[in-house]
Amino acid sequence: MERRPWLAREEDQDRLNPMHRTALWDMVDVLRVLLEHDRSLGYIVNSDNGNNLLNCAAYRGHIEAARVLLKHCPDAPYSRSNGFTCLHQAVFREKTEFIEFVLGLPQLRKLVNMRDSNGDTPLHLAVKKCNPEMVAILLRHQAIDVTIINNKAIPATW
């Protein structure tokens, strides 16, 4: 990091950089060291679709990586360019522990009603997945709005 700090930002052929890889592979100690050296690395999004570190952690359900990231960067990006948040990602990949983690954080609790580019909320995705455990977790959240409709005017409860 001292000799070649730009390497932490360089994307490979998969449009991922070393920061994305640390979140995907749950390399918490490496992530911590990189963020302690340069906190701005926690705000990196890839050039292709705006993928961010929280979405990478959610993809595999890596709670500790997300916790370290949010400790150093409490306002880290949580949404891709298509509106797909880390909560959408956790629901899509059926990572129930990560869903509970996100819903338990004050700074991320607003994600429960956010819509992606299709207008779907995480509840829409959980219902489409036919996963009663995820649906129950989302419905228990005090801020859930079950009346939100997607771009096809369909509520999640339909």
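Seven of the ten residues of helix α4 (residues 63–72) are buried, so α4 is largely enclosed by the rest of the structure. Buried here means under 20% relative accessible area, exposed over 50%, and partly exposed in between (1.4 Å probe, protein chains only). The model is predicted: local features need pLDDT of at least 70, side-chain atom pairs count only at pLDDT 80 or more, and totals for chains, interfaces and linings use all residues. Residues are numbered from 1 along each chain as its sequence is written, and side-chain values use heavy atoms, with hydrogens and water left out.

- The buried residues of α4 are I63, A65, A66, V68, L69, L70 and H72. Helices (H or I, at least four residues) are DSSP runs, numbered from the N terminus.
- The cover over these buried residues includes α1, α2, α3 (53–60) and α6.
- α2 packs with α4 at an angle of about 10°, and their axes are 9 Å apart. Axes are lines fitted to C-alpha atoms over the stretch in contact, and angles run from 0 to 180 degrees between N-to-C directions.
- The two helices α2 and α4 are therefore roughly parallel to each other. Angles under 35 degrees count as roughly parallel, over 145 as roughly antiparallel, 65 to 115 as roughly perpendicular and the rest as oblique.
- From α2 the contact takes V28, L31, R32, L35 and E36, and from α4 it takes E64, A65, V68, L69 and H72. Contact means heavy atoms within 4.5 Å.
- By class, this contact of α2 with α4 has six nonpolar, one polar and three charged residues. Ala, Val, Leu, Ile, Met, Phe, Trp, Tyr, Cys and Pro count as nonpolar, Asp, Glu, Lys and Arg as charged, and the others, Gly among them, as polar.

**Helices α6 and α8**

- The axes of α6 (residues 96–103) and α8 (residues 132–140) come within 10 Å and cross at roughly 5°.
- That crossing makes α6 roughly parallel to α8.
- T96, I99, E100 and L103 of α6 meet E133, M134, I137, L138 and R140 of α8 in this contact.
- Five nonpolar, one polar and three charged residues make up the contact of α6 with α8.

**Aromatic rings and charges**

- There are two aromatic pairs, where rings of Phe, Tyr and Trp (its six-membered ring) pair if their centres lie within 6.5 Å; planes under 30 degrees apart count as stacked, over 60 as edge-to-face and the rest as tilted.
- The ring centres of F84 and F92 are 6.2 Å apart and the ring planes stand at 75°, so this pair is edge-to-face.
- F84 is buried, with a relative accessible area of 13%, whereas F92 is partly exposed at 43%.
- The charged end of K129 sits over the ring of F92, 4.4 Å from its centre. A charge sits over a ring if NZ of Lys or CZ of Arg is within 6 Å of the ring centre and within 35 degrees of the ring normal.
- R93 lies over the face of Y59, at 4.1 Å from the ring centre.

**Positive phi in loops**

- D26, a residue other than glycine, has a positive phi near 55°. D26 is in the loop between α1 and α2 (28–37) and is partly exposed at 31% relative accessibility.
- E94 is not a glycine either, and its phi is positive at about 60°. E94 lies in the loop between α5 (86–92) and α6, and at 38% relative accessibility it counts as partly exposed.

**The segment before α1**

- P5 lies in the segment before α1 (18–24) and is partly exposed, with a relative accessible area of 34%.
- P5 and K95 are 90 residues apart in sequence and 33 Å apart in space, C-alpha to C-alpha.
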